[in-house]
Amino acid sequence: MKDLSPILQELAALPADRPMGLPGVFYTSAERFEWEKKTVLQQGWHCLGRVDEVPEPGDFFTVQLLQEPLIVVRGDDGAVRVLANVCRHRGMPLAEGRGNVKRFICTYHAWMYGRDGALLRAARMQNEGFDAKSCRLHSYNIQFWNGFIYCNLDAEAPHFAEESQELDALVSPYETGSFRLVHVAEEIWQTNWKCLVENFMEGYHLSVVHPQTLHGYTPTGLARKSVSGPGFTSYTANYPEGIAPRGAGAPGLSTAERQRSTLFARFPTQVASQAASLLVSLSIFPISAESIRVKWTMSVYGEDLDDATIQDRIRLWEEVNREDREKLEKMQIALRSQHAVSGPLAGDDYEGTVRDFQLWLAEQDRAALA
Ligand code: FES
Ligand SMILES: [Fe+2]
């Protein structure tokens with residue numbers, strides 16, 4: 001929907017000390033969503049999950065990224081691949097959920113694929129022209145970063161390694177890549193994908209929406225903007241002085257790094273909270289203008305947290321996500337109002353990340369229109 005694009009450019013051009021948010025229509029319009037699919041989502045690197053979700057050969061999980069059903073699988077050679085979950089015969093999905101397989105066998109006519117996507121067997125296919133080698137499952141471009149798996153639907157998309165060195169530096173003391181998975185969950189939320197990016201990435205709502213769950217450790221008043229750059233933004237949610245540390249984490253962490261959670265977004269669809277001993281990451285899979293599938297993972301540093309503490313943290317984050325979801329689903333309805341106009345944003349420490357996201361969206365729009 002090109003006619004919203006000039007509004008986005010006007011908002012992005014506002015002076016840094018007078019930022020305004022996007023009007024509701026950006027979050028509710030089906031046309032805008034189609035436009036964003038073409039201009040932002042199809043070319044984006046999307047976090048699908050953690051490498052240690054598939055530790056052994058044959059371990060797999062499935063996700064739906066826009067219109068593409070995908071299988072993330074570890075092959076016999078140890079490599080993780082992202083394959084199209086679409087049979088090369090007549091298009092049946094080959095796998096559901098997660099598990100471990102020796103082969104992917106299609107439930108329709110039993111074509112059999114290896115864990116690298118090669119077609120191994122197709123019963124009764126005796127046609128002259130049939131060539132099994134040309135029936136390999138499509139394998140997508142992937143990239144790994146700190147134990148996360150990213151996929152891009154666009155084969156031409158450049159990698160993000162070059163442009164996010166500041167983000168690398170921010171998280172590297174935590175040894176994010178060595179965190180071990182303890183929980184995965186998925187749910188469908190009735191909200192726009194951008195609403196969850198913005199919600200997760202601003203500290204302004206912490207004390208209001210999460211008085212029991214987060215306020216004690218990460219009150220709004222201690223939120224501070226951190227580094228941002230092409231394709232990412234971040235802030236730190238600092239713990240009050242004198243509060244008990246929550247696990248020692250990696251040996252190289254400074255005292256300040258142990259006394260805060262670092263929240264970062266990798267646009268378009270990953271948001272995460274990195275603390276000394278706990279890592280929570282949300283992958284947002286947009287379904288429509290007004291619905292998303294949220295997949296979230298929790299990982300821990302070494303043996304820092306005992307089982308009971310891990311169970312407590314899972315329950316805490318289930319509650320935090322429930323609190324955010326309730327707000328966003330209510331807001332989604334009000335955003336359809338003609339009175340959901342552009343509203344003033346708070347300063348850098350509280351909503352500077354929302355502004356960063358807006359500037360990034362505006363840049364993607366300019367590139368698409370150029
Ligand atoms: S659709 Fe898969 S074997 Fe026919
Ligand atoms: Fe929240």
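## A walk through the model

In helix 8, the buried residues are Arg313, Trp317, Asn321, Asp324, Leu328 and Gln332. That is a handy place to start in this predicted model. Helix 8 covers residues 307–334, 28 residues in total. From its first C-alpha to its last it reaches 41 Å, close to the 40 Å expected at 1.5 Å a residue. What do its buried residues pack against? The partners are strand 11, helix 5 (193–201), helix 6 (206–209), strand 16 and strand 17.

Now for helix 3, residues 30–41. A straight helix of twelve residues would span 16 Å at 1.5 Å a residue, but helix 3 spans only 14 Å between its end C-alpha atoms. Its buried residues are Arg32, Phe33, Glu36, Val40 and Leu41. Looking down the axis of helix 3, you'd find these buried residues within an arc of 100 degrees, so they line one face of the helix. The face turned away from that buried side carries the exposed residues Ala30 and Lys38. As for neighbours, the buried residues of helix 3 pack against helix 2 (25–28), strand 16 (278–288) and helix 9 (348–369).

Zooming out, the protein chain splits into domain 1 (2–43 + 163–369) and domain 2 (47–145). Their centres, taken over C-alpha atoms, are 31 Å apart. The contact between them takes 16 residues from domain 1 and ten residues from domain 2. On the domain 1 side, the elements giving two or more residues are helix 3, strand 11 (180–189), strand 16 and strand 17 (291–300). Which of them gives the largest share? That's strand 16, with four residues.

Strand 1 and strand 10 (residues 148–152) pair in the antiparallel sense over four bridges, and His46 stands opposite Cys151 in strand 10.

A few backbone details are worth a look too. Most residues other than glycine have a negative phi, and most peptide bonds are trans.

Ala110 is found in the loop between strand 6 (104–105) and strand 7 (112–113), while Asn146 has its place in the loop between strand 9 and strand 10. Buried or exposed: what is each one? Ala110 has 12 other C-beta atoms within 10 Å, so it counts as exposed. Asn146 has 20 other C-beta atoms within 10 Å, so it counts as buried.

The peptide bond from Phe267 to Pro268 is cis, with omega near 5 degrees. Pro268 lies in the loop between strand 14 (260–266) and strand 15 (270–274).

Another proline to find is Pro240, in the loop between strand 13 (232–238) and helix 7 (255–258). Pro240 has 13 C-beta neighbours inside 10 Å, so it counts as partly exposed. Leaving out residues up to four places away in sequence, Pro240 touches Pro219 and Leu222. Arg98 is 142 residues from Pro240 along the chain, and their C-alpha atoms are separated by 40 Å.

Conventions
Residues are numbered from 1 along each chain as its sequence is written. Chains are lettered from A and ligands numbered from 1 in the order in which they are written. This is a predicted model: local features need pLDDT of at least 70, side-chain atom pairs count only at pLDDT 80 or more; totals for chains, interfaces and linings use all residues. Two strands pair if DSSP finds at least two bridges between them. The expected span of a helix is 1.5 Å times one less than its number of residues. The arc is that of the directions from the helix axis to the C-beta atoms. Two residues are in contact if their C-beta atoms, placed from the backbone, lie within 7 Å. Domain bounds come from an automatic or database domain assignment.
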